[in-house]
Amino acid sequence: MPHAKPDGFLAVPPGGNGSAVLVLHAWWGLNKTMKDFCTRLADAGFIAFAPDLYHGKVADTIADAEVLGKAVDANADRAKAEIADAACFLDERAGRADRGLTVIGFSLGAYYALDLSAADPERIRSVVLFYGTGPADFSRSSASYLGHFAEGDEYEPQSNVDELEAELRAAGRPVTFHRYPGTGHWFFEPDRPQAFNQAAASLAWDRTLAFLRSSVPAPA
């Protein structure tokens, strides 16, 4: 039986077809920035779906985001199950279940993207991280990894980034991590004017697009 569409935002290319990209939002929730990111991916030829882990709630302040993020993490198994369901839905929507999908995670979403890549190695072929890390048994992963990290990040210490990169390499996974000088957490998100860095965001987008296109298998 086909999966019903979970709570979330779906963006489809003009032609209706494309490789699948699962987008996991930051602790702000599924806000306009995340929806615009999905639309941007669709305009580039990908089918993008972002599950709403907050089910309609969106935070504008750090204090509110902390409350929502902690609530999700306190019931992490439920969040992981919802993400797994979203991945199945997206795979079926793209009609390419045998070719896998990419997962892109922002901050809080990066933690769950890493977990998914280890939990569902047959489905996840590539992972993109925006200023977020997390633990997982990467010996099970079959994905390639791209990471975008800030030079000065009060939420994600450089030691965490270095440790994750070392773990992925030790597991034999292809990994490319970029550090962006003069940036902080949220440098990719234009609705965070205190952190947004246009030059770094543009470079990160170009690198992400090149990575996605290089990881798309040739049609059978």
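Contact here means heavy atoms within 4.5 Å. Helices (H or I, at least four residues) and strands (E, at least two) are DSSP runs, numbered from the N terminus.

This is a predicted model, in which local features need pLDDT of at least 70, side-chain atom pairs count only at pLDDT 80 or more, and totals for chains, interfaces and linings use all residues. Residues are numbered from 1 along each chain as its sequence is written, and side-chain values use heavy atoms, with hydrogens and water left out.

Seven strands form an open sheet in the order 1-3-2-4-5-6-7, with mixed pairing; two strands pair if DSSP finds at least two bridges between them. Strand 1 (8-11) and strand 7 (175-180) are at the edges with a single partner strand each, so one side of each has no neighbour in the sheet. For strand 1, the pairing with strand 3 (residues 46-51) is antiparallel, over four bridges. Within strand 3, Pro 51 is the bridge partner of Gly 8.

Now helix 3. Residues 76-94 make up this helix, 19 residues in total, and the distance from first C-alpha to last is 27 Å. That is close to the expected 27 Å, the expected span being 1.5 Å times one less than the number of residues.

Its buried residues (under 20% relative accessible area, 1.4 Å probe, protein chains only) include Ile 83, Phe 89, Leu 90 and Asp 91. The buried residues of helix 3 pack against strands 1, 2, 3 and 4, helix 2 (62-74) and helix 4 (108-119). Just after helix 3, Gly 95 has a positive phi of about 70 degrees.

Notes:
Buried < 20%, exposed > 50% of the residue type's maximum accessible area, 1.4 Å probe, protein only.
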